[in-house]
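Take a walk through this model, one region at a time. Keep the sequence and the 3D view side by side.

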Amino acid sequence: MIKVKQLNKIYSKNKKNKFHALKNIDLEIKDGELTAIIGESGAGKSTLLHILSCVESFDGEYILDDTNVSKLSDKKLSALRGSEISIVLQNFALINDFTAFENVMVPLFFNNKIKDKKKAVLRAIESTGISALSNKKVSQLSGGQKQRVAIARALVTNPKYIFADEPTGSLDSKTSESIFELLFNLNSLGITIVIVTHSEKIAQKCNRIIEINDGSIIRDTSGKNAAPNF
């Protein structure tokens, strides 16, 4: 379970120039939930996601399962990201000169728990429907194919949580739908997924919607859209 209490994030260039990005956020996300975070640009959506995915500092309390994230060292945070947490970004963050297979392998360079790394990569690639693209360089792939590679890379460590920041933001509507269907199928296997999106249509397919405005939660709707229609 994800639990945050009185979570704040202040960006400060100097004493006079400060931006309060998140303001006293209280939030719980249960295991297995598929949650959408929505809001206008600059509302604080991505900031919250980056904090939940342990890549950004914060003030307040953040408990992930039984771990107090706010008290972890950088080394332990890195280990947590390498085992329990995976992140999917809008711009894919892939290495263009690497093949799909090589990109999916990257997180395993830092993971000592998975012994048969090749098998893990092949399983992740197969689960995202890109087995035929395994040996193609990322530079040769379409946007939708790149996002599937990014999702396969996120899956390869067998994470409990996937955090996706606008994963369909740069894709056409048909491709976006297929990517979200993939994420929904992964969620049905028990992976907790939190997705930041500008799309109300995508958000309505989640079983929970959290809307942020000016750094605060203004809407939290649960349990009304648990069966998306693709």
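**Cysteines, cores and a sheet**

C54 has a relative accessible area of 5%, so it counts as buried (under 20% relative accessible area; exposed is over 50%, partly exposed in between, with a 1.4 Å probe and protein chains only). C206 is buried too, at 0% relative accessibility. The structure holds zero disulfides (pairs of cysteine sulfur atoms within 2.5 Å). This is a predicted model, where local features need pLDDT of at least 70, side-chain atom pairs count only at pLDDT 80 or more, and totals for chains, interfaces and linings use all residues. Residues are numbered from 1 along each chain as its sequence is written, and side-chain values use heavy atoms, leaving out hydrogens and water.

C206 leads on to I195. Contact means heavy atoms within 4.5 Å. Beyond its neighbours within four places in sequence, I195 is in contact with T35, A36, I37, A164, P167, F180, L183, I202 and C206. Now look at the largest nonpolar core, which has 43 residues. Such a core is a set of buried Ala, Val, Leu, Ile, Met, Phe, Trp, Tyr and Cys residues joined through side-chain atoms within 4.5 Å. I195 is among those with the most contacts inside it, along with V104, V121, I151 and L186. At least two core residues come from each of β3 (34-38), α3 (100-105), α4 (117-127), α5, β7 (161-165), α6 (173-188), β8 (192-196) and α7 (200-203). Helices (H or I, at least four residues) and strands (E, at least two) are DSSP runs, numbered from the N terminus. Another core, of 27 residues, lies apart from this one and includes F58, V69, I85 and F163.

L52 touches both I85 and F163. L52 sits in helix α1 (residues 45-52). Its relative accessibility is 0%, so L52 is buried.

I2 and I29 also face each other: I2 stands opposite I29 in β2. Strand β1 (residues 2-12) runs antiparallel to β2, joined by eight bridges. Two strands pair if DSSP finds at least two bridges between them. The open sheet has four strands in the order β2-β1-β4-β5, with antiparallel pairing. β2 (18-29) and β5 (67-68) are its edge strands, each pairing on one side only.

Finish at helix α5 (residues 143-155), which holds R148. What does R148 touch? Aside from neighbours within four places in sequence, R148 is in contact with T128, I130, S178, I179 and L182.
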